[in-house]
Amino acid sequence: YEKALSIRSFHLGEDSLLVAETRKDLGSLHFDKADFDKARHYLGEAMQTMTAQSPNDLATADASFLLGKVMSKMKYRDEAVRHFENALQIRRRQQLSDAEDLGVADILFELGVANEEYKNYDQSVYFYEQALAIRKSILDEEDEVLADIYHNIGVIQQSKEKYQNALNSFGSALVIYQTCLGDDHLSCAKTMNNIGIVYESMNDYSESMKYHQEALRVRTLHLSNNHLKVANSLDNIASVYQKQKQNNLALECLKEALKIRITRLGKDHLEVATTLFGMGIIFCDLEELDKAMDSYNASLKIRMRKIGNSGIEIAQSLHNMGGVFALKEEYKEALGRWQESLEKYREVGLMDDHHMVKCTLRNIEMATKYIQDSKVNV
């Protein structure tokens with residue numbers, strides 16, 4: 001491609017459409033190689049020529065679409081949306097209706113992804129459903145992209161707590177993934193993981209566990225035993241065990257997840273801190289208070305090194321440490337941690353009617369009363 005670009009540029013000139021097509025091909029190749037800076041460079045140059053000479057050509061729409069995908073990967077979402085919308089406008093100027101053009105479906109899918117990232121969930125679902133309808137009207141058989149659309153719709157429904165709708169969408173995605181890719185494909189594991197989370201939210205722990213364990217099996221089959229997605233599955237299984245009051249089993253899962261994260265991320269990573277925090281909660285439930293305090297302390301130290309002395313995570317760590325001191329009936333220490341926690345919550349702008357602040361205020365009131373009562377009794 002580079003040799004062809006050099007020859008064509010020399011003989012045809014930099015403004016030739018054939019040169020622009022070669023640049024588009026080079027940009028596409030660099031996109032596939034995840035070299036997004038070079039992809040952006042070549043596609044940008046191609047678009048300049050194509051927009052000037054053939055603004056309504058399908059090749060220009062394709063270049064604009066590809067450039068949108070590059071911008072999306074580089075997290076320039078406004079630019080990505082601009083290029084996707086340009087590609088959509090060009091394709092809609094052609095003779096084909098939307099229902100006959102898979103290219104339109106592909107653009108609508110990417111617009112759905114972009115709006116999901118912006119948390120414009122209703123608009124995102126609108127684009128996804130349009131893309132879904134076009135693909136179903138054109139294709140004789142279901143394909144992996146259909147499953148991707150169903151999965152993404154399910155994620156949005158899950159975030160909006162429309163759990164039954166989410167299960168239906170994830171279920172449709174899973175059936176298509178299994179048909180197209182096989183039962184043990186990682187895309188199946190991804191969807192089963194989400195189904196497990198939805199069932200947990202619905203308090204159906206047996207179904208949740210079934211899907212999480214199957215997701216773990218598939219992930220372990222394809223990925224190394226110390227892969228971060230395996231740790232993620234172990235987290236989810238631990239959460240279900242914890243809800244079922246099987247704290248020892250939950251703790252074993254989190255210990256294994258902790259080993260993976262330390263191996264892959266290092267001892268000083270925020271995900272390690274989160275896992276230690278979760279272990280602290282379980283140690284509290286098991287009434288192993290010294291181990292709980294050790295876990296919370298270790299978590300807090302990492303968080304403070306990584307994000308400083310302010311933040312909700314710092315406040316939560318201090319709050320839970322106060323809880324351990326209270327369980328030990330060391331109310332002065334508990335009061336000190338809760339007061340620090342309250343200060344941190346307020347630093348990040350949480351008001352007194354926020355549920356975490358309310359809980360902390362109640363705990364401060366309780367600890368203050370215990371301390372005053374103990375002075376009276378003395």
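**Notes on the predicted model**

1. The largest pocket is lined by F31, K69, S72, K73, K75, F109, E110, V113, E117 and N152. Here a pocket is an open set of points on a 1 Å grid over the protein atoms alone, with protein on both sides within 12 Å along at least five of seven lines, a 1.4 Å probe being used, and lining residues have an atom within 4 Å of a point. This is a predicted model, in which local features need pLDDT of at least 70 and side-chain atom pairs count only at pLDDT 80 or more, whereas totals for chains, interfaces and linings use all residues. Residues are numbered from 1 along each chain as its sequence is written, and side-chain values use heavy atoms, with hydrogens and water left out.

2. The volume of the largest pocket is about 260 Å³, a volume being the space filled by probe spheres set on the grid points, which are joined across faces, edges and corners. Helix α6 gives the most to this lining, with four residues, and both α4 (58-73) and α6 supply at least two residues each; helices are DSSP runs (H or I, at least four residues), numbered from the N terminus. By class, the lining of the largest pocket holds five charged, three nonpolar and two polar residues, where Asp, Glu, Lys and Arg count as charged, Ala, Val, Leu, Ile, Met, Phe, Trp, Tyr, Cys and Pro as nonpolar, and the others, Gly among them, as polar.

3. The second largest pocket contains about 220 Å³ of space, and its lining includes D235, Q242, L254, R261 and I281. Helices α12 (228-243), α13 and α14 each supply at least two of the lining residues of the second largest pocket, and that lining divides into five polar, three nonpolar and two charged residues.

4. Helix α6 deserves a separate comment. At 1.5 Å a residue, its 16 residues should span 22 Å, and the distance of 23 Å between its end C-alpha atoms agrees with this; the expected span is 1.5 Å times one less than the number of residues. Of the 16 residues of α6, 13 are buried, so that the helix is mostly covered, with buried meaning under 20% relative accessible area, exposed over 50%, and partly exposed in between (1.4 Å probe, protein chains only). D101 caps the N-terminal end of α6, with a side-chain oxygen 2.9 Å from the backbone nitrogen of G103, and just after α6, K119 takes a positive phi of about 65 degrees.

5. How many salt bridges does a search of the whole structure find? The search finds 21, a salt bridge being a side-chain nitrogen of Lys or Arg within 4 Å of a carboxyl oxygen of Asp or Glu. One of them joins R77 and E117, whose closest N and O atoms are 2.7 Å apart. This pair links distant parts of the chain, with R77 in helix α5 (residues 77-92) and E117 in helix α6 (residues 102-117), 40 residues apart. R77 counts as partly exposed at 28% relative accessibility, and E117 is partly exposed with a relative accessible area of 31%.

6. R305 forms a salt bridge with D268, the closest N and O atoms lying 2.6 Å apart. The two are 37 residues apart and link distant parts of the chain, R305 being in helix α15 (residues 289-307) and D268 in the loop between α13 (247-265) and α14 (270-285). R305 is exposed, with a relative accessible area of 53%, whereas D268 is partly exposed at 29%.

7. The side chains of E214 and R217 also meet in a salt bridge (2.7 Å, N to O). Because E214 and R217 are three residues apart in helix α11 (residues 205-222), about one helical turn separates them.

8. Most residues other than glycine have a negative phi. A34, however, has a phi near 65 degrees; A34 is in the loop between α2 (17-32) and α3 (36-53) and counts as partly exposed at 48% relative accessibility. Phi of E329 is also near 65 degrees, and E329 lies in the loop between α16 (312-327) and α17 (331-347), where E329 counts as exposed at 61% relative accessibility.

Key
Polar contact = N/O pair within 3.5 Å; in protein donor to acceptor, adjacent residues only side chain to side chain.
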